[in-house]
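Here is a friendly first tour of the structure shown below. Have it open beside you as you read.

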Amino acid sequence: MVTNPSAQAQVSTMTGGVDAGSGVDRLAKGNVTLTEVLFVSIAAMGPASGAAYAIPSGSGFAGGSLPFGVLIALVGCLLVAVAIGQLAKHMATAGGLASYVGKAIHSGIGFVTAWVYPFVYICAGPYLCLVFGNLIASTIFPKAAGTGYTVTWIAATAVCMAVAFTLNYFGVKFGTKIVVILGVFEIAVFVILAIVLIVVAGPNNTLQVFTPAEANAGGFHGMSGVVAGSIYGFLAFIGFEAAGPLAAETKNPRRNIPRAIIGATLLVGVFYVLTTYAITVFFGPEKMVDFLNFQGGNGWLAISQKLWGVGWIAVLIALMNSCLACATGGGMAASRLVWAMAHHRTIPAVFARTNPRSKSPTHAVFLVFAIEIVLTIVVAGILGPVEGYVMFGEVLTIAILPIYLIAAIACPIYFLRFKRKDFRVFLHIIVPLAGVAFLIPAFFAGAAIPVFSWIAPLTFPLSLAGPIVAVWYLIGATVAIYLWRKRRESLIGLATDGDHEDPALVTQS
């Protein structure tokens, strides 16, 4: 056993076993409430944009049974959220999933998780800002052509990025309050519209959409279509764990972080089921296979224009809010992980510096958004806004799913190694492994690995996404090996961050 003396020494200087740093590295400990951290996870999922764009991408597979596919995705993600929540009860840390995995399995694997996790949200920022920019530009210039469209999407993308940076820079308390407001608005607008759609659908309301009976896509009839369509439901849930890295800044994190992760997954999941059911029965289950192409992919906007007249602007604003809130929440999650890595000296310590007043990890925020800006300019400059955000979406999807898988697997390992007295077969074995079983098809489909007949190959440049992610994982593994040989205590410090209920546990095999 290798003991980390520096980590043990920190135990006596911390209150409640949460490492929020000290001096110029100090985060704003206990500054965020349950409601605020809950909405960070909700915002990171982007409920309105998920309902309007991510989930409908599965209609070409599931057809009229798309609500059934979303329900399957909800169950799978909720299982994984419960497993992660169990780990968060014992490890309150800015390291989030990286510390959970590092403590349970091995600090080297934890570092690789830490290396990839900010990369996911660094890709999410350009993805969301480009969606924001294209949404505004295509609304003003429907034909998406000419100088007007180009200037508008560039300006709107820049505004979205600037606002997300500002909300991150001025501290978690300020940023989370705005995220709550944006999140409540987007959810309220879409719930109201969904209720209207259900009422207007009248006799067309049917529970058949929660069975394979309405899966009518060519070549994907029955459960094969439902499972294929559910993949896009899983993609809409990405971000449910974003509350985790805010543990050091959250009041009573061992109680509130698990509640935020599980609560956000459940609340947004119910929202997705409701909205997908509403649009399916209104549009017609027999026609849902073509919904993705309806009005150029802006079906929700087109339908709101038909039903609400000028009220459709509320839906547009909700979608804009969704992109903005999601980009903000993702930035918070990424910057806290960067802070945790720097705090434990696995990357340069300068990125652990915080603002003296707000205690925001400003150096990490600058790093995250600087990379986002460069990537946005390069990728969108080459591919344009639409293909650019599709590319970012593909990369972040392939990158995050293995992290969810390994985090779920970490749950039983952690409790078997360190918490035998709290171990429960159902909660710590059956639940996480069932979640893994749900996520595996999603990963193969997202990476276009043809282990199932319904997995479609990716065309260029999307076919580059898999190799890009593989290279990033490989770089992380190489750095982890170097650190294990040269600065092992840094890896162990990151892995054991926040697990201070018993100083004797601050060890690594």
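α12 gives the most to the lining of the largest cavity, with three residues. The model is predicted, so local features are reported only at pLDDT of at least 70 and side-chain atom pairs only at pLDDT 80 or more, while totals for chains, interfaces and linings use all residues. Residues are numbered from 1 along each chain as its sequence is written, and side-chain values use heavy atoms, leaving out hydrogens and water. Helices are DSSP runs (H or I, at least four residues), numbered from the N terminus.

**The cavity**

- Rolling a probe the size of a water molecule over the atoms shows where empty space is left.
- The structure holds one cavity of 30 Å³ or more; a cavity is a set of points, on a 1 Å grid over the protein atoms alone, where a 1.4 Å probe fits but cannot get out.
- The largest cavity has a volume of about 30 Å³, where volume is the space filled by probe spheres set on the points, and points are joined across faces, edges and corners.
- Its lining (residues with an atom within 4 Å of a point) consists of A52, Y53, G297, N298, G299, W300, L301 and L319.
- At least two lining residues come from each of α3 (47-54) and α12 (299-308).
- The lining has five nonpolar, three polar and no charged residues; Ala, Val, Leu, Ile, Met, Phe, Trp, Tyr, Cys and Pro count as nonpolar, Asp, Glu, Lys and Arg as charged, and the others, Gly among them, as polar.

- Two packed helices are described by the angle between their axes and the distance between the axes.
- The axes of α6 (residues 97-104) and α15 (residues 385-418) come within 8 Å and cross at roughly 45°; axes are lines fitted to C-alpha atoms, for helices over the stretch in contact, with angles from 0 to 180 degrees between N-to-C directions.
- That angle makes α6 oblique to α15, since under 35 degrees counts as roughly parallel, over 145 as roughly antiparallel, 65 to 115 as roughly perpendicular and the rest as oblique.
- The crossing of α6 and α15 is left-handed (the near helix is turned anticlockwise from the far one by less than a right angle; clockwise would be right-handed).
- In contact (heavy atoms within 4.5 Å) are L97, Y100, V101, K103 and A104 of α6 with I403, Y404, I406, A407, A410, I413, Y414, R417 and F418 of α15.
- These residues divide into twelve nonpolar, no polar and two charged.
- The axes of α15 and α17 come within 9 Å, crossing at roughly 45°, and the two helices are therefore oblique to each other.
- This crossing of α15 with α17 is right-handed.
- M391, E394, V395, I398, A399, P402 and I403 in α15 meet A465, G466, I468, V469 and Y473 in α17.
- By class, that contact has ten nonpolar, one polar and one charged residues.

**Helices α7 and α18**

- The axes of α7 (residues 107-140) and α18 (residues 488-496) come within 9 Å and cross at roughly 75°, which makes α7 roughly perpendicular to α18.
- S107, G108, F111 and A114 in α7 meet L491, I492, L494 and A495 in α18.

**Backbone details in the loops**

- Most residues other than glycine have a negative phi, and most peptide bonds are trans.
- F460 and P461 are joined by a cis peptide bond, with omega about 10°.
- P461 lies in the loop between α16 (425-446) and α17 (465-486).
- N252 is not a glycine, yet has a positive phi of about 45°.
- The loop holding N252 runs between α10 (223-236) and α11 (253-283).

Notes. On a 1 Å grid over the protein atoms alone, a cavity is a set of points where a 1.4 Å probe fits but cannot get out, and a pocket is an open set with protein on both sides within 12 Å along at least five of seven lines; lining residues have an atom within 4 Å of a point.
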